[in-house]
Amino acid sequence: MKNAVIGNNKQKANLIVLGAVPRLLYLLQQSSSSLELRTECAVVLGSLAMGTENNIKSLVDCHIIPALLQGLLCSDLIFIEACLRCLRTVFISPVTPVQLLYTDPTVIPHLMSLLSRSRHTKEYITQIFAHCCKTPEHQTVLFNHSAIQNIAPLLISPSDKVRMQALKCFSVLAYENTQVSMTLVNVLVDGEQLSQVFVRMMQRDKPIEMQLTAAKCLTYMCRAGAIRTDDNCIILKTLPCLVRMCSKERLLEERVEGAETLAYLMEPDVELQRIASFTDHLVSMLADYFKYPSSVSAITDIKRLDHDLKHAHELRQAAFKLYASLGSNDEDIRKKITETENMMDRIVSGLSESSIKVRLAAVRCLHSLSRSVQQLRTSFHDHAVWKPLMKLLQNAPDEVLVMASSTLCNLLLEFSPSKEPILDSGVIELLCSLTQSDSPALRVNGIWALMNMAFQADQKVKVEIVRALGTEQLFRLLSDPDTNVLMKTLGLLRNLLSTRPHIDQIMSSHGKQIMQAVTLILEGEHSIEVKEQTLCILANIADGNTAKELIMTNDDMLQKIKYYMGHSNVKLQLAATFCISNLIWNEEDGSQERQDKLKDMGFVDILHKLTQASDPNLCDRAKTAMQQYLA
Amino acid sequence: MALPSCQQCALRRALCSTTVPTRHCRAAVIRGYLTAAVSLLTKMAELGAGSLLTGDPAFSYQEHELNERLKRLYPAVNEEETPLPRSWSPKDKYSYIGLSQNNLRVHYKGHGKNHKDAASVRATHPIPAACGIYYFEVKIVSKGRDGYMGIGLSAQGVNMNRLPGWDKHSYGYHGDDGHSFCSSGTGQPYGPTFTTGDVIGCCVNLINNTCFYTKNGHSLGNNLMKNDLRPNLYPTVGLQTPGEIVDANFGQQPFVFDIEDYMSEWRAKIHSMIARFPIGERLGDWQSVLQNMVSSYLVHHGYCATAMAFSRATETMIQEDQTSIKNRQRIQKLVLAGRVGEAIDATQQLYPGLLEHNPNLLFMLKCRQFVEMVNGTDSEVRCFSVHSPKSQDSYPGSPNLSPRHGATNAHLHSTGADSPTCSNGVTPTNKNKSHNKYTGVSSASSSPSSSPSSVNYSESNSTDSTKSQPHSATSNQETSDSEMEIEAEHYSNGVTESSARIMNGTYKHQEILQADDSSVGNGVADDSCSSRQLCGGNQAATERMIQFGRELQALSEQLCRQYGKNATHKKMLQDAFSLLAYSDPWNCPVGQQLDPMQREAICSALNSAILESQNLPKQPPLMLALGQATECVQLMARVRSGSCSFARVDNFLH
């Protein structure tokens, strides 16, 4: 059987159809069969597993995994190696559920104990771990069974394969795992720090796969906080190594992984972004990622075209991610990116690509670039990026929506020339529907965009916002558990309640509810920022002609203002004083009566006291208010 | 018993000129010594004074660092031919440039009004192509008023009243705008700007003729120019406004950028290019070519048994007749054993006319024979000191020695394995060791280090050889050789093909051991002195040697008359005769000649001559190929192909 199936997928499938697997497994599990026979069974099964994905499925369906794991308990090394080889082949297949490795809690410790038995056990077991560690729980299980201590010595194994698999293990163990990363930095291998071992594995004459995986390990350790971003092994070794992985000379897969890892490495650190932006012309190097499939490959080589097509999406999304990361903080880098050949066109077409991954990465890139005032005013408008963005917002999964709406927030800023056309495209309804989303991030973005939109907007727009949103939704947002949502909603209110005619108009229709909401917030347990924002709204209301009366007739509200004027926080004092100052302002109808009423309520004494305040702003504000009485 | 020194002088004198009376010689020699000693002392004193004058220890330490680093980075560069840049040139600069700190610091001392006040300086030497990849760094100590600094390269003769990059054949990276200038007044956007505290590097890749700059250890990527770097560029730096100061690092300090890592990538690239050189359909051809090379190498050196085994295994043909190989092998063995006289006889007998047609070779052989006489190994002097008539009879084949091959096998293995890299399988250290050991054994048999073979040997010396080894008694000269072969074949079958060299090496080694043994052993018999002695310490032998010396002198004069003066011959003769001037020739300034290693050169010369006379190549094709490859690599350096630095032949010899 062994000789018949080697290298022949058809024969393998035939044997499986004929039901050879259960028979082989039976023989394998019989402890009465000779070791040679059991070993041969494992070898044949291993050979069958080398075939198509369907073969693997059939094998897994026959419960091959528990049988082989059971086989590992045997004492014979050759038999164990045969079982491990087969297990390895099964587990590295994408169709095998990795959870099967963890169902029996004794399996992992047993594998750890087998690790040092031979060169082959080292290779197969590390390869199984590297493929089966997919979640934080898996990481924890392996970590708790001393994976690090057991695998670290293999990094200096004389066998290339063992070194490589051990390295891969560390990269999957350390990914987004602080506990593992923190342990890794303190591990010594043959008296040398692990990070130095990784640095050596990144040397340029090492195999590319090894360089790349070592760079991943260091990246994950750095992101987990175990290595500082200004450490030489990051700045002078990992970063340049990852930039090299993006070069044209590398394979397409390597370029994708290199760019993604680099984007992840420098995401939070502006200094790394700056260094990367000038290393080896990275920004223009990435432009090549968009040239697949190239026109040459289409004609000359069908195989090549197929290969290029397969990777084209991956390449594009990786490039977008890296651009997004590069441009997230530094204005100069954003400029450099937008000046790259056809960059804005590429983003625009990326936004409407069929692949979600590409769309998401493109919108991330756009978002990163939209933080630049200059780009908003120029290239964003020139390329009408709002059009595909709006289209994207119509029907997209949440993760895309978050990014897209966040970008939209920036595009709706007052100085953005795209604001007008976006308004005309019916964005308000869309944003209002976002505020009803279950995702806090989407609610924030929706209300944030509305807030930006309402800033210094026309009466018409404001009315439209209030109408579309509805007071009910507005109040729901004011009691939102997410502080960010609350803050932006208050911001929206404040932007709506600016310039006197707008204030009066809105207060005349929604005054009652707004006053209720303000009372609610001022009475509730909220942060200083929230209360300050609310007092500012009140001050805006006090600025209206008719709206003033809503406060003046509300003694409870006046008492609250009084309270905040005497608050320990200067910001709140300032906002409350501002409010009073608006109420007693001369040259307005009925100012005398309001002054008198407030005097009776003891506001003058408080104002007098505040003129002595240490804070110069507060002091000035109080003096201005006092002058209204003197005039 | 050592000869009185006066007697030695006399010997020497007697050789050189018979007319000088002996009693004057001592004074003459002493005078000579004194003169030499005085002149030597004077020289040393001068050297000492010189080093005291420049003796800043920090500087010399840096100098040492620099040399070490340059040697490590650019091993292929022959600095005698193409020196590496080590500092800025005080001669090749514009007048607005000032140099200090061993010509490493550059400062601007002009007006700095506009670009007409720009000033540059070049390094002392251009970048040699054999570097493959060259790198230097410049630290910006101060950006001065405006920081108009340019770092780069320029050819000899480019105007120095400019910044590098502005003119033809110059290239530069400028600090004020971060642009790269390639032989043009307008730069291209290239990298970030640089200023005080930054370290800027410039890397020239002579393999693909590109160049890139670095900033604070980060590569900024290839310059915009492609494959247009002209050869012989000098590191160059240019400044333009007052206060600008930069420091160069040509290797005096570790570089900020990891240039060695970059080089390792290219080394790996070139090695894999060589390894993956396409041979297409000719795979079979290649294999047979390689097999022929190996086979011819074995045949050339007379490794007959190995060659036969190899040809059997690979089914290749051997050009030369087997007996011819064996003849050469025998002659070579004799030379390597120091029995040059016999070797000459054998050559004349087997290849009549050969030496007559090669008077130079004959002279060389005779000179060596003289040296071996001093050594006490040549048969002409050895026969005097051999006591046992039996062994004298068995001479020159020394059949009683042959069986010991089997007995010493274990020993051979170990010594052979110790010296696998030496082309002839013999390393000086090993020889010394075994020599000493044997001396010890023969002088004091209680020595704990005595190996079975040496015990056997002392037995065979003191007793009848028939007792010690049964079959040695029946062997005569002819069979002894063939027996040696049998031993050797058996041996080579026991080891893998690849270790053929080891086997052959030890083979010779053994011969040498025998020679040494006998001379020393005889010396002991004469006068229980354990140290080596002239001609084995035998009076008759010494006389024979002096007589031979005279003949040699006469031969030299005859050759001189026939072919004109020959400086090499004269030197050879002088060196050989000089041995007699010392009480212990082995430990004297010319004692090197007595080292058995020295036999190898003459041995291979004789071998080549014999092969040539048989219309066979005097050099094995393997060595020719090796020599050609080495020569090619050197030629690559001269025609400025940078990859030569990573394609060195010795990288592939293990």
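Which helices and strands of chain A and chain B each supply at least two residues of the lining of the largest pocket? In this predicted model, local features need pLDDT of at least 70 and side-chain atom pairs count only at pLDDT 80 or more, whereas totals for chains, interfaces and linings use all residues. Residues are numbered from 1 along each chain as its sequence is written, chains are lettered from A in the order in which they are written, and side-chain values use heavy atoms, with hydrogens and water left out.

The elements in question are α16 (232–245), α18 (270–278), α19 (282–287) and α22 (331–338) of chain A, together with β11 (210–215), β12 (218–222) and α4 (259–275) of chain B; helices (H or I, at least four residues) and strands (E, at least two) are DSSP runs numbered from the N terminus. A pocket is defined on a 1 Å grid over the protein atoms alone as an open set of points where a 1.4 Å probe fits, with protein on both sides within 12 Å along at least five of seven lines, and lining residues have an atom within 4 Å of a point. The largest pocket has a volume of about 1600 Å³, a volume being the space filled by probe spheres set on the points, which are joined across faces, edges and corners. Its lining comprises 49 residues, of which A:D280, A:H281, A:L282, B:L220 and B:G221 lie nearest the centre. By class, this lining has 16 nonpolar, 16 polar and 17 charged residues, where Ala, Val, Leu, Ile, Met, Phe, Trp, Tyr, Cys and Pro count as nonpolar, Asp, Glu, Lys and Arg as charged, and the others, Gly among them, as polar.

Chain A contains 42 helices and 2 strands. Its radius of gyration, taken over C-alpha atoms, is 33 Å, well over the 25 Å that the globule rule (2.2 Å times the number of residues to the power 0.38) gives for 631 residues, so chain A is more spread out than a compact globule. Along the principal axes, the C-alpha atoms of chain A fill a box of roughly 110 × 55 × 50 Å. Of the 631 residues in chain A, 56% are buried (under 20% relative accessible area with a 1.4 Å probe and protein chains only; exposed is over 50%, and partly exposed is in between).

Over all chains, 21 aromatic pairs are found, a pair being rings of Phe, Tyr or Trp (its six-membered ring) with centres within 6.5 Å, classed as stacked for planes under 30 degrees apart, edge-to-face over 60 and tilted for the rest. The ring centres of A:Y175 and A:Y220 are 4.8 Å apart and the planes are at 70°, so this pair is edge-to-face. Because A:Y175 lies in the loop between α12 (160–174) and α13 (178–185) of chain A and A:Y220 in helix α15 (residues 208–223) of chain A, the pair ties together parts that are 45 residues apart in sequence. A:Y175 is partly exposed, with a relative accessible area of 37%, whereas A:Y220 is buried, at 11%. In chain B, the rings of B:Y135 and B:F257 have centres 5.5 Å apart and planes at 45°, so the pair is tilted; B:Y135 and B:F257 are both buried. A cluster linked by ring pairs comprises B:Y74, B:W88, B:Y134, B:F136 and B:F250.
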